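Me: I want to check the terms used for this model against their cut-offs. Please take me through them.

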Amino acid sequence: MEEYVPCFSCGAKSLNFKGECHKYMLASPGCYEMFKEVLAREYSDFGYAKANHYTVDSYAVQHPGEISNKKAINSVGIHLVSLYFLFEKNYDLEKSAEIKMKFAEFNTTNEVVHPLERPEEFEGLTIFDIWDNEDPEKHFELCKRWALNAWNSWRKQHKTVEKWATIFLNEKMPKKRNH
């Protein structure tokens with residue numbers, strides 16, 4: 001049996017074994033296992049922890065679920081909005097994480113997120129590149145590059161994501177008026 005197989009969703013070189021998968025982010029079992037191992041590393045080692053926001057957003061948008069699954073649709077939309085604020089609006093990780101949570105809450109009642117056509121392929125880095133790295137000094141920059149690659153893979157949908165973010169900002173965080 002081969003040690004690695006490509007993930008059917010993101011194309012990553014992934015571990016070849018049978019196992020559990022996420023409930024709505026579609027991935028091969030080996031790819032999902034690598035994601036869980038990276039998360040465990042980030043949760044247990046401070047040297048890796050600060051990249052977690054990039055890791056979760058990147059993996060989520062590279063593993064969109066079925067367009068009939070509302071959780072999958074919302075997951076992709078919410079994580080794309082987070083990446084929009086990181087790379088288009090230059091928000092820092094802390095502010096982007098806060099906005100992501102507020103946007104998720106906003107979307108629950110306003111339902112601005114809708115299914116998007118997924119990219120034909122994902123460019124650049126994948127979970128394999130992150131999982132295969134054991135240098136905490138390189139981890140953050142690798143995850144940042146991965147997140148930018150993941151965001152850029154969705155370039156055909158950037159205008160839609162920007163529209164969602166604008167609706168949210170205009171309704172949830174109105175500009176202060178001068179009196």
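Reply: Along the sequence the chain runs β-β-α-α-α-α-α-α-α-α. That gives eight helices and two strands. Helices (H or I, at least four residues) and strands (E, at least two) are DSSP runs, numbered from the N terminus. This is a predicted model, where local features need pLDDT of at least 70, side-chain atom pairs count only at pLDDT 80 or more, and totals for chains, interfaces and linings use all residues. Residues are numbered from 1 along each chain as its sequence is written, and side-chain values use heavy atoms, with hydrogens and water left out.

Me: Why does Tyr54 count as buried?

Reply: Buried means under 20% relative accessible area (exposed is over 50%, partly exposed in between; 1.4 Å probe, protein chains only). Tyr54 has 5% relative accessibility, so it counts as buried. Tyr54 sits in helix α3. Of the chain's 179 residues, 48% count as buried.

Me: Which residues does Tyr54 touch?

Reply: Contact means heavy atoms within 4.5 Å. Leaving out residues up to four places away in sequence, Tyr54 touches Leu86, Phe87, Leu93, Phe140, Cys143, Lys144 and Ala147. Tyr54 and Leu93 are 39 residues apart in sequence, with 8.2 Å from C-alpha to C-alpha. Across the chain, 62% of contacts between residues at least 6 apart in sequence join residues at least 24 apart.

Me: What makes a set of residues a nonpolar core?

Reply: The members are buried Ala, Val, Leu, Ile, Met, Phe, Trp, Tyr and Cys residues, joined through side-chain atoms within 4.5 Å. The largest such core has 53 residues, and Tyr59, Phe103 and Ile127 touch the most other members. Two or more residues come from each of α1 (29-44), α3 (52-62), α4 (70-87), α5 (93-110), α6 (127-131), α7 (136-153) and α8 (158-172). α4 gives the most, with 10 residues. In soluble globular proteins, nonpolar side chains tend to be buried together.

Me: Which residues does Phe103 touch?

Reply: Beyond four places in sequence, Phe103 touches Gly77, Ile78, Val81, Val112, Val113, Trp164 and Phe168.
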